Amino acid sequence: MIDIHLHILPGVDDGPATIQEALALAVTLVQEGIHAAIATPHYNDEFPHRSANEIRERVASLQSVLNQYRIPLHLFAGHEALIQPELLNDLYAGRLATLNGSRYLLLELWNTSWLPETDRVIFELLANGIIPVLAHPERYRTIQHHPERLQTLLQQGLLTQLTASSLIGLQGNSAQKCAELLLKKGLISCIASDAHGLTRRIPAVARGMQRAVELVGQERVRQMVEACPSAILNNQSMYATSQP
Ligand SMILES: [Fe+2]
């Protein structure tokens with residue numbers, strides 16, 4: 001399995017504080033069946049902005065420690081960008097990283113409101129060949145109340161990433177209900193951990209996947225945890241995978 005949304009770089013955002021915590025998280029991810037993952041630190045105003053280059057350097061440095069300890073997790077660089085009007089400029093200036101340098105950008109929304117610029121920013125990204133992968137739609141109140149918005153965005157070319165732990169209730173009841181609904185309606189492109197550590201925002205990938213299999217079957221789950229993340233990681237078109 002490939003994890004396209006993960007906070008594992010020590011001391012960078014609200015992920016692990018130390019290298020020891022990062023290594024412990026990596027070991028758990030491997031135990032849960034993940035062999036490759038994209039480190040996606042937050043790109044918002046809450047944390048210092050780290051350039052795409054800095055993320056790549058930090059990934060390389062953590063990778064060398066993983067190799068030293070023979071932990072078989074292959075890391076790649078990315079960001080989780082909070083939606084804002086300047087994202088395209090930030091991408092072109094090298095401040096913001098797409099997922100492993102691909103055409104795919106992990107994007108998060110404000111939780112409660114569908115701001116007027118939301119549609120415009122998504123349209124601009126798509127028009128410039130950048131495909132937003134919307135992080136954890138099941139957690140946004142605006143999607144919980146209006147899941148049909150996701151249908152429209154998917155038709156425009158956006159992809160969606162469900163967080164595994166939402167499926168077992170670790171993100172609250174509303175997120176769990178919404179996660180089940182979105183999965184059953186075929187509105188989810190891929191599943192990731194969005195793990196931040198082993199004490200809070202834990203991976204819960206195996207349990208989440210088990211629940212997903214109960215809801216939509218093994219083959220759909222395989223597409224969401226292998227085929228779609230692999231296409232993202234390798235900058236391939238999604239037409240090669242069977243999206244809903
Ligand atoms: Fe995240």
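Me: What is the order of the strands in the open sheet of 3 strands?
Reply: In this predicted model, the order is β1-β2-β4, and the pairing is parallel.

Me: Which strands stand at the edges there?
Reply: They are β1 (2–6) and β4 (74–77). Each has a single partner strand, so one side of each is left without a neighbour in the sheet. From one strand to the next, the twist averages 25°.

Me: And how many bridges join β2 to β4?
Reply: There are 4 bridges between β4 and strand β2, which covers residues 36–39. Within this pair, Ile38 is opposite Phe76 of β4.

Me: Which strands does helix α2 lie across?
Reply: Helix α2 (residues 52–68) lies across β2 and β4, at about 170° to β4. Helix α9 (residues 218–233) lies across β1, β2 and β4, and runs at about 70° to β1.

Me: Now the sheet of 6 strands: what is its order?
Reply: That open sheet runs β3-β5-β6-β7-β8-β9, with parallel pairing. Its edge strands, β3 (42–43) and β9 (190–192), each pair on one side only.

Me: What stands opposite His42?
Reply: Glu80 in β5 does. The parallel strands β3 and β5 (residues 80–82) are joined by 2 bridges.

Key:
Residues are numbered from 1 along each chain as its sequence is written. This is a predicted model: local features need pLDDT of at least 70, side-chain atom pairs count only at pLDDT 80 or more; totals for chains, interfaces and linings use all residues. Two strands pair if DSSP finds at least two bridges between them. Axes are lines fitted to C-alpha atoms, for helices over the stretch in contact, and angles run from 0 to 180 degrees between N-to-C directions. Two residues are in contact if their C-beta atoms, placed from the backbone, lie within 7 Å.
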